[in-house]
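Good morning, and thank you for making the time. Please take a moment with the sequence and the model before I turn to the details.

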Amino acid sequence: MSDERSAVSSGDRPEEPKPPRRQARGERRITQLLQAAASVFCANGYTASSTNAIAREAHVSPGTLYQYFPNKEAIAIELGERLLHEMREAHGQAFTPENLSLPLPELLDAVVDPMIEFNCANPAFLALMHGSDVPGRIAEEHDELHATLLTRVQGVIAHYAPSLPAEDRLRTANMTFAAFKGGLDLVLAAPEGPERDATVAELKTLLLRYLTPLVEEPRAEEPQAEGARTQGPQGPQAERPRAGRAVTTTPSR
């Protein structure tokens, strides 16, 4: 009997699960700390932020913070993984087979709007992902996400311009992605309301005017005569080696 008691007192007894109320309270505290970290990272950048600043923003003591996270890196990893998960969900809803059946202007709405909405709601995403010394784990996951998005953009371009050579498709995807990221910076810097809406519209116009010349019309039943695509009023050298005839859609401003 005494041996049984000593076994229990020595810790051999399995730990009982935490009560649901305590678990919920802990999750709320973690959420509170991550929200505070997002605000601090946005204001100061990852490098210049500190756990003390995060604790102040969360209105808790540093000791309370350390009960949940051992250091700033651990906070950044948890916040980054949550944001990356939400970002994957956002672009998963944007790049769907159903959206590929849309005309290009509507496709841009379906793809750009969720991305803009996510970044406007989570400005810490760019602040954290582009820090000079963000944890390597977050940087690697961000690079993987970037590669996935680039592949999806290439898939969209291949759908609208199936005859575009692979090297041109990759170059166009990179340029499209770079244009979107540059426009996104302007969108986030614009005041919320009419000015931001106008900036988003300008970004869509830029993308539409860049991509429209690539979009191929459905091929006719009879093949074109040899050389028909290369002969025009400006001669055979005027053709870009990347697409068929352009859609004449004019974007609304």
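What covers the buried residues of H10? The cover includes helix H7 (104–121), helix H8 (124–129), helix H9 (136–160) and helix H11 (194–211).

A word on conventions. This is a predicted model, in which local features need pLDDT of at least 70 and side-chain atom pairs count only at pLDDT 80 or more, while totals for chains, interfaces and linings use all residues. Residues are numbered from 1 along each chain as its sequence is written, and side-chain values use heavy atoms, with hydrogens and water left out. Helices are DSSP runs of H or I with at least four residues, numbered from the N terminus.

Let me stay with H10. The helix spans residues 166–189, 24 residues in total. From its first C-alpha to its last it reaches 35 Å, close to the 34 Å expected at 1.5 Å a residue, where the expected span is 1.5 Å times one less than the number of residues. Its buried residues are Asp168, Thr172, Ala173, Thr176, Phe177, Phe180, Gly183, Leu184 and Val187. Here buried means under 20% relative accessible area, exposed over 50%, and partly exposed in between, with a 1.4 Å probe and protein chains only.

I turn next to salt bridges, counted when a side-chain nitrogen of Lys or Arg is within 4 Å of a carboxyl oxygen of Asp or Glu. The structure holds 6 of them. Aspartate 168 counts as buried because its relative accessibility is 9%, whereas arginine 171, at 46%, counts as partly exposed.

Arginine 82 meets glutamate 27 with the closest N and O atoms 3.1 Å apart. That pair links distant parts of the chain, from helix H5 (residues 72–94) to helix H2 (residues 20–48), 55 residues apart. Both partners are partly exposed, arginine 82 at 29% and glutamate 27 at 37%. Which residues are linked with them in a network of salt bridges? The network consists of Glu27, Glu78 and Arg82.

Arginine 88 and glutamate 141 form a further bridge, with 3.8 Å between the closest N and O atoms. This pair also links distant parts of the chain, H5 to H9, across 53 residues. Arginine 88 is partly exposed at 34%, and glutamate 141 is buried at 17%.

Histidine 142 also lies in H9. Is this histidine buried or exposed? It counts as buried, because its relative accessibility is 16%. Leaving aside neighbours within four places in sequence, histidine 142 is in contact, meaning heavy atoms within 4.5 Å, with Leu84, Phe125, Met129 and His130.

Rings of Phe, Tyr and Trp (its six-membered ring) pair if their centres lie within 6.5 Å; planes under 30 degrees apart count as stacked, over 60 as edge-to-face, and the rest as tilted. The count comes to 2 pairs. Phenylalanine 41 and tyrosine 46 have ring centres 5.4 Å apart and planes at 55°, so this pair is tilted. Both residues are buried. Phenylalanine 118 and phenylalanine 125 have centres 5.3 Å apart and planes at 80°, so that pair is edge-to-face. Phenylalanine 118 is buried at 6%, as is phenylalanine 125 at 4%.

Key:
Helices (H or I, at least four residues) and strands (E, at least two) are DSSP runs, numbered from the N terminus.
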